[in-house]
Amino acid sequence: MSHTVTQEVEAYAARCGYDFHDEWENLPISGLFFRSRAHVMFRDVLDARGETPPFISARVQARGRLRQQVTVVVLPLRRPVPNMILQGKQQSIFSKLGIAMNESQKLALEGDFNSYFTLYCPNGYERDALYVFTPDVMAKMIDAYGVTDIEFVDDRLLLYAPLDA
């Protein structure tokens, strides 16, 4: 018997003690992908906010002119940070959806990191971005298989990956 993705995710949630929702409307997430909540559907949601480390993971589909399905993982941060975006150079979800970035907020980082991601940071927060993006952190982000875009929103980190990653 063939198992569906939903059955596999539900079984995984049960094994790990996570809450599972096959669909969840109005998931408490904000970010570029979720600007118009009316056009976003959350499926196969793992809710581990009560766990250590806490997280939410979901398959998300944006409806409208261009349908885009992605996997999103939401991790809480210890404190709010400036809203920053790392846009992947290959297979960017934001590019596919036509989400424009403010070019005046582009910040170049050291090493070969710029060949993998473009960092967008609010003006005046460049020093904060350099504090967050240490060489070790940049190396880990390059190694994160399948992640195409990363967004820091207030006290959360959102990792975006194509559905098949």
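1. A nonpolar core is here a set of buried Ala, Val, Leu, Ile, Met, Phe, Trp, Tyr and Cys residues joined through side-chain atoms within 4.5 Å. The points below concern a predicted model.

2. The largest nonpolar core comprises 25 residues. Those with the most contacts inside this core are Phe33, Phe34, Phe42, Val60, Val72, Leu158 and Tyr160. Two or more residues each are contributed to the core by strand 2 (40–47), strand 3 (56–62), strand 4 (68–76), helix 2 (93–96) and strand 9.

3. Another core, of 17 residues, lies apart from the largest one. Its members include Phe117, Cys121, Met138 and Val147.

4. The largest pocket has a volume of about 430 Å³. It is lined by 15 residues, of which Leu77, Val81, Val132, Val137 and Phe152 are the closest to the centre of the pocket. Helix 3 (126–132), helix 4 (135–143) and strand 9 (156–162) are the elements that give two or more residues to this lining.

5. Valine 40 is located in strand 2. Because its relative accessible area is 10%, which is under the 20% cut-off, valine 40 counts as buried. The C-alpha atom of valine 40 is separated by 9.7 Å from that of glutamine 69, and the two residues are 29 residues apart along the chain.

Terms used:
Residues are numbered from 1 along each chain as its sequence is written. This is a predicted model: local features need pLDDT of at least 70, side-chain atom pairs count only at pLDDT 80 or more; totals for chains, interfaces and linings use all residues. Side-chain values use heavy atoms; hydrogens and water are left out. On a 1 Å grid over the protein atoms alone, a cavity is a set of points where a 1.4 Å probe fits but cannot get out, and a pocket is an open set with protein on both sides within 12 Å along at least five of seven lines; lining residues have an atom within 4 Å of a point. Grid points are joined across faces, edges and corners, and a volume is the space filled by probe spheres set on the points. Helices (H or I, at least four residues) and strands (E, at least two) are DSSP runs, numbered from the N terminus. Buried means under 20% relative accessible area, exposed over 50%, partly exposed in between (1.4 Å probe, protein chains only).
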